[in-house]
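Please consult the sequence and the model shown here while reading.

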Amino acid sequence: MHLKKFNDGDNMKRLLLAVTCVAVVLGGCSSAGKKKVAVRQAPVKVVAVQAPALDAKGQPIAHVAFRPGISSVTVENMAKKQGCTGGVGAGLMTPPGPVEVYRMVCDNRTIYQAKCELRQCRAI
């Protein structure tokens, strides 16, 4: 009886063909039985925060949309040390850059402002 020998190249081709066929068959089976499941998302609470209309001295407070900046947290911590808490936080009033001005409306309707130059902040 004569046995035909295969070289490694033929064996690799057959192995690759077999793996490809198995992958196609299994891939087709797994996608055929899948059902589309609707994903529910948790409702998101949206709370409108409005700045007080007048400050402690009776002057109108301009409402500016809150924009966080690099030094927002630093200014908020500085304001907290001065007794200013509440609101949405310290918002950036100027364009981002090396010199930035932040403003925070406190619970007692006073305004805390700080100027930050290269992340070194001081109250103004």
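Which residue in the turn of the hairpin formed by S2 and S3 has a positive phi? Arg-109 does, with a phi of about 65°, and five residues lie between S2 and S3 in this hairpin.

The model is predicted: local features need pLDDT of at least 70, side-chain atom pairs count only at pLDDT 80 or more, and totals for chains, interfaces and linings use all residues. Residues are numbered from 1 along each chain as its sequence is written, and side-chain values use heavy atoms, with hydrogens and water left out.

**The sheet**

Helices (H or I, at least four residues) and strands (E, at least two) are DSSP runs, numbered from the N terminus. Two strands are said to pair if DSSP finds at least two bridges between them. On this basis, four strands form an open sheet in the order S1-S2-S3-S4, with antiparallel pairing. S1 and S4 are the edge strands, each pairing on one side only. Helix H2 packs on the sheet and touches S2, S3 and S4 (contact means heavy atoms within 4.5 Å). The direction of H2 makes about 135° with that of S3; axes are lines fitted to C-alpha atoms, for helices over the stretch in contact, and angles run from 0 to 180 degrees between N-to-C directions.

| Strands | Bridges |
|---|---|
| S1 (residues 91-92) and S2 | two bridges |
| S2 and S3 (residues 111-117) | seven bridges |
| S3 and S4 (residues 120-123) | four bridges |

A hairpin of six residues joins S1 to S2, and Leu-92 stands opposite Tyr-102 in S2.

How many of the seven residues of S2 are buried? Six are, so strand S2 (residues 99-105) is largely enclosed by the rest of the structure. Buried means under 20% relative accessible area, exposed over 50% and partly exposed in between, with a 1.4 Å probe and protein chains only.

**The disulfides**

A disulfide is a covalent bond between the sulfur atoms of two cysteines. Here the term is applied to a pair of cysteine sulfur atoms within 2.5 Å, and the structure holds two disulfides. When the bonded cysteines of the chain are numbered in sequence order, the pairing is 1-2, 3-4.

Cys-84 and Cys-106 form a disulfide with their sulfur atoms 1.7 Å apart. Cys-84 lies in the loop between helix H2 (72-81) and S1, and Cys-106 in the loop between S2 and S3, so the pair ties together parts that are 22 residues apart in sequence. The torsion about their S-S bond is about -100°, so this disulfide is left-handed. Cys-84 counts as buried at 4% relative accessibility, and Cys-106 is buried with a relative accessible area of 5%.

Cys-116 and Cys-121 form a disulfide in which the sulfur atoms are 2.0 Å apart. The torsion about the S-S bond of Cys-116 and Cys-121 is about 110°, so the disulfide is right-handed. Both Cys-116 and Cys-121 are buried.
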